[in-house]
Structure formats: C-alpha cells, structure tokens
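Please look over the sequence and the model below before reading on.

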Amino acid sequence: MKRILVVGGNGQLGHCLQKLAPKYHDIFDFNFTGSDALNITDKVQIEKEFEEYQPDFVINASAYTAVDLAEKEEEKAFAVNAIGVGNLAEVSKEHNVVLIHISTDYVFDGETNLSYSEDDFTGPIGVYGTSKRKGEELALENNPETVILRTSWLYSEFNKNFVKTMLHLFNIKDEMGIVGDQHGQPTNANDLAEAIMDIIETENKKFGIYHFSNYPETTWFDFANKIKEFSGSNVILKSITTEEFPTPAKRPKRSTMSLDKIEKDYKIEPKHWENSLQDCVEILKITNA
C-alpha cells in the first residue's frame, strides 16, 4: 500500500483531503500532520518524519496565507512559503518521494486582460506572492519530481474563507460593498483535493507547474452575489472599486489562469465555479442548521 504524507493536514485543503481519504482506504495510507506536529522550517523534523513514516508521496497543503499580515511579517512568510518548501523538496528527493506542492495565482501581477499560462512571466506584487514564487523555485530546484498546483480563491466548508465569511456577514448586515474590479477563479478546495488524488493515481506523471481552479473567471462582487443567491439572503450588495477598499497588500487585478495544460496532461476537467459553490453552500446550510 502506498503512503501519502499530508503536511498542513488541519488546514482547509487538509480537511478536504481527510474527507476524501476513506474513498482510497484500500489503495493509500494517509498520514495527516499539522504545523504543531511537523514544522517544515525545521529540516531535522522533516527527515525524522520521513524516516518513521516512509511516504511515497507528500502533499504540501501548508502555507502562510495571511496576505495582508505578510507585509509586516515578511520573514515568517518566507520561512514557511519558501524555506520550508525547499526543505520538504530536498528531503523528498533524498527519499525518492514525489512532492505535490500548492501555490497561488498571487505569483502574477494581474496586469493583463488574458489568462496566464504556466510559462508566463511571474511578477508578484506583495510579500505573500513573492514568498510563494520563491517556494515554487526551491521546490523544482530541490526535487525534479515535483508537481506544483497553482490555485486561486480557495474556499470550502472548512476553516475560514470568503464563502463562510460572506454567509456570516449576510446574517448581521443589511448592506455590503464588495470589490468588483478584481478578476479571478473561485476554487472549491474539495475539487482541488480530487485533482491532487487524480494526479497521484496517474502512472506516467509529468512534473512541473500546473494551474488548477474552477472556471470561468468572475469578480469578488459576482462571486458574493452567487453566494447570496444560493443562500437565499436578502442582503443588499453593491460593487465597489479596489481603491474604495484599501488593504495593506496589493491584489492582482486579473489573475485568471489557463487550465489547458492540466486537462491535456492529466485529463482533469475542472468544474464550473457556480456548480461547486452551490454544492458548498448546500453543505453549509445543513451543517449550520
């Protein structure tokens, strides 16, 4: 039986992988570790974990994701998103382990009207995106058998995310302003978890950088409107500009990503974001009832 080590097992994606794991109980053994149990900035800890568990695959679902706080905590962001990833990749190579690493659309500057391909120039505009890009570079340098999945606007029924925040605010506010001039692709973390397992199950793997999200592109305002529609809320939403909602870290204006490569190489067909969103809202309706 093949073994899968999931780093960041208590995060949003980690929870989705935990939910999915029983489906593979006769094929894979899973080991979910949180940051309290495995600190990836400590290479000795990683080596000990690998020697004890002896994984065949490692999924790095851990990350420093506080985009605004990263502007003040640059060292912390780089420790987790870059140095830690480099450590994981290095130890993975030493043990002949395939690394699946999760990255972000924030590696792009967003100054385009087109969808980014995996080969397009990256130009992150904040500490978070810069640290994640450095992590990509170290992962590929230290372990050629690495699959990097850039994703975007991740949400699920687990942990803190835009969908759950909106549903909470809809219950306590009558009117809200939502940014309407930033474009991206919302992604249900459950769909990302399934894509990861599809890649792991593929025999003739191709390594390198891939994009995965739901499709097509939308704005935060339109995304929020669909959450409103699916939840049956009566809140009034109005579209505002990025300038009207200033944040410590700049966001890419349009960070939409082409999904052609993952469809071609891994036969993975991403779902429409509205369908995946509706699935999530229905689950949250039941769990919060």
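The points that follow describe a predicted model, and they are grouped by topic.

**The sheet**

- Six strands make up an open sheet, and their order across it is β2-β1-β3-β4-β5-β10, with parallel pairing.
- The edges are taken by β2 (residues 28-33) and β10 (residues 208-211), each of which has a single partner strand, so one side of each is left without a neighbour in the sheet.
- From one strand to the next, the twist averages 20°.

**Strand β5 and its partner β10**

- Strand β5, which spans residues 146-151, pairs with β10 in the parallel sense, and four bridges connect the two.
- Within this pairing, Ile-148 stands opposite Ile-209 of β10.

**Helix α1 over the sheet**

- Helix α1, formed by residues 12-20, lies across β1 (2-7), β2, β3 (57-60) and β4 (98-104), and it runs at about 150° to β2.

- Glu-136 belongs to helix α4, which covers residues 127-142.
- Is Glu-136 buried or exposed? Its relative accessibility is 0%, and because buried means under 20%, Glu-136 counts as buried.
- The side chain of Glu-136 is joined to that of Arg-150 by a polar contact of 2.8 Å.
- When neighbours within four places in sequence are left aside, the residues in contact with Glu-136 are Ser-103, Val-107, Ile-148, Arg-150 and Ile-209, and of these, Ile-148 and Ile-209 are the residues that stand opposite each other where β5 meets β10.

Conventions: Residues are numbered from 1 along each chain as its sequence is written. This is a predicted model: local features need pLDDT of at least 70, side-chain atom pairs count only at pLDDT 80 or more; totals for chains, interfaces and linings use all residues. Side-chain values use heavy atoms; hydrogens and water are left out. Two strands pair if DSSP finds at least two bridges between them. Axes are lines fitted to C-alpha atoms, for helices over the stretch in contact, and angles run from 0 to 180 degrees between N-to-C directions. Contact means heavy atoms within 4.5 Å. Buried means under 20% relative accessible area, exposed over 50%, partly exposed in between (1.4 Å probe, protein chains only). A polar contact is a pair of N or O atoms within 3.5 Å; within protein, one must be able to donate a hydrogen and the other to accept it, and residues adjacent in sequence count only if both atoms are side-chain atoms.
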